[in-house]
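Subject: Structure handover

Hello,

Here is the structure I said I would pass on. My notes on what turned up in it follow below.

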Amino acid sequence: MDSHSYANMLQQAIRNRDPNAGKSLHCHILKHGASLDLFAQNILLNTYVHFGFLEDASKLFDEMPLTNTVSFVTLAQGFSRSHQFQRARRLLLRYASFTIPTVSYLPVNYLLVGTIVNQSN
């Protein structure tokens, strides 16, 4: 099975509101040594965040060999939705330190960080 097949199955778990299916699939992936591309890893991250498994999501994020804007924002939104504003803020500040400020990214970074800082006060 390829990454996109796993991604589709994870998205189906979210649509079916079945957190156990998402976790079981992740276990299957690990057990069989399958590798996921960044797209599928972000879907898995979103699955954990969607079901509120933020510690699992955080562990997955830390173990991801590559991350991108989607990875950071997905986890930060999970922290924010569960009122873990300081964790979200730290994550977004970490993201801002890894990106090269450009016209398109800089306003988004500061908007997200500002929103979370304001919510935590």
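Phe61, Phe72 and Tyr95 are joined into a cluster by ring pairs. Please keep in mind that this is a predicted model. In total, the structure contains three aromatic pairs. In one of them, the ring centres of Phe61 and Phe72 are 4.9 Å apart and the planes stand at 80°, so this pair is edge-to-face. Since Phe61 belongs to helix H4 (residues 54-63) and Phe72 to helix H5, the pair ties together parts that are eleven residues apart in sequence. Both Phe61 and Phe72 are buried.

The rings of Phe72 and Tyr95 also have centres 4.9 Å apart, but here the planes are at 50°, so the pair is tilted. This pair links distant parts of the chain, with Phe72 in helix H5 and Tyr95 in helix H6, 23 residues apart. The relative accessibility of Phe72 is 4%, so Phe72 counts as buried. Tyr95 is buried because its relative accessible area is 5%, and the cut-off for buried is under 20%.

A further ring has a charged neighbour: Lys23 lies over the face of Phe53, 4.3 Å from the ring centre.

Next, the helix packing. Helix H3 (residues 38-50) packs with helix H5 (residues 69-81) at an angle of about 0°, and their axes are 10 Å apart. H3 is therefore roughly parallel to H5. On the H3 side, the contact is made by Leu38, Asn42, Leu45, Asn46 and Val49. H5 contributes Val70, Ser71, Thr74, Leu75 and Gly78. Sorted by class, the contact between H3 and H5 has five nonpolar and five polar residues, and no charged residues.

Two backbone angles may be worth a look when you go through the loops. Arg17 has a phi near 55°, which is positive in a residue other than glycine. The residue sits in the loop between helix H1 (3-15) and helix H2 (19-31). With 70% relative accessibility, Arg17 counts as exposed.

The other case is His83, whose phi is positive at about 65° although His83 is not a glycine. His83 is in the loop between H5 and helix H6 (85-98). Its relative accessible area is 61%, so His83 is exposed.

Regards

Methods. Residues numbered from 1 in each chain as written. Predicted model: local features only at pLDDT ≥ 70, side-chain atom pairs only at ≥ 80, totals over all residues. Heavy atoms only, no water. Axes fitted to C-alpha atoms, helices over the stretch in contact; angles between N-to-C directions. Helix = DSSP H or I, 4+ residues; strand = E, 2+ residues; numbered from the N terminus. Parallel < 35°, antiparallel > 145°, perpendicular 65-115°, else oblique. Contact = heavy atoms within 4.5 Å. Nonpolar A, V, L, I, M, F, W, Y, C, P; charged D, E, K, R; others polar. Buried < 20%, exposed > 50% of the residue type's maximum accessible area, 1.4 Å probe, protein only. Phe/Tyr/Trp six-rings, centres within 6.5 Å; stacked < 30°, edge-to-face > 60°. Lys NZ or Arg CZ within 6 Å of the ring centre and 35° of its normal.
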